[in-house]
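Visitor: I would like to learn how to read a model like this one, feature by feature. Could you take me through it slowly?

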Amino acid sequence: MDCMHKKEPCMISAGSPRRLAWSIRSAADGSGLNSSPTTSSSGGTRLIRAIEALVAKLDARIKVLRKNLPMKLLFFLVGFYCATAFATVIGQTGDWDIISAGLAVAVVEGIGALMYRSSIPLINEVRSVITMFNYWKTGLTLGLFLDSFKY
């Protein structure tokens, strides 16, 4: 009865304790209950494999987003500054409101059309420049939105 105070599973046989190897099998993974336990290269349950796949996808996405991050932030902040300057200058003279709003919409829509159209070979050559102007457009749009709440 020396085995009763141990934390590992054991079996008493002829007065001497010996350890047993416990294996848990499941029919949920399709291998059945009678198959021998094997260690697969991916390891773990389906939940663990799904979490590992999600982490791998997030890691790859973060690496893509971190590429050229200072330039992206610079274009975003320049767009934000342009929105503030645009709203301030246009606010001084009330007679250019319609023309300036039309120009702003045309620029934003033009950059969006270039960014999300991929069939023209010329656009594929300057894709990084268009992407940077897309960050500028995002800063401009956010800046104009936030500027609309000023008194």
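The dialogue below goes from the overall fold to particular residues.

Visitor: What pattern does the chain follow when it is read along the sequence?

Guide: Keep in mind that this is a predicted model. The chain contains five helices and two strands, and, read along the sequence, these elements follow the pattern β-β-α-α-α-α-α.

Visitor: How many of the residues count as buried, as a percentage?

Guide: A residue counts as buried when its relative accessible area is under 20%. Of the 151 residues in this chain, 14% count as buried, and the chain exposes about 12200 Å², with carbon and sulfur atoms supplying 66% of that area. As for contacts, among those between residues at least 6 apart in sequence, 43% join residues at least 24 apart.

Visitor: Which residues does UniProt list under "transmembrane region", and what does the model show there?

Guide: An annotation from a record can be set beside the model, segment by segment. The unreviewed UniProt entry lists residues 73-92 and 98-116 under that name. In the model, residues 73-92 are 100% helix and 0% strand, with their end C-alpha atoms 29 Å apart, while residues 98-116 are likewise 100% helix and 0% strand, with 27 Å between the end C-alpha atoms.

Visitor: How many salt bridges does a search of the whole structure find, and where do the partners lie?

Guide: A salt bridge is counted when a side-chain nitrogen of Lys or Arg lies within 4 Å of a carboxyl oxygen of Asp or Glu. The search finds one, formed by Asp59 and Lys63, whose closest N and O atoms are 3.7 Å apart. Both residues belong to helix H1, which spans residues 46-66, and they are four residues apart, about one turn of the helix.

Visitor: Which residues form a nonpolar patch on the surface?

Guide: A nonpolar patch joins side chains such as Leu and Phe that lie within 5 Å, provided that each residue has over 30% relative accessible area. In this model Leu142, Phe145, Leu146 and Phe149 form such a patch, with about 400 Å² of accessible area together. Phe145, one of these residues, is found in helix H5, residues 127-147, and counts as partly exposed because its relative accessibility is 48%.

Terms used
Residues numbered from 1 in each chain as written. Predicted model: local features only at pLDDT ≥ 70, side-chain atom pairs only at ≥ 80, totals over all residues. Heavy atoms only, no water. Patch = residues over 30% accessible without salt bridge, like charges linked within 9 Å, V, L, I, M, F, W, Y side chains within 5 Å. Areas by Shrake-Rupley, 256 points an atom, 1.4 Å probe, with all protein chains shown as cover. Buried < 20%, exposed > 50% of the residue type's maximum accessible area, 1.4 Å probe, protein only. Contact = heavy atoms within 4.5 Å. UniProt positions renumbered as here; feature names shortened; annotations may be inferred.
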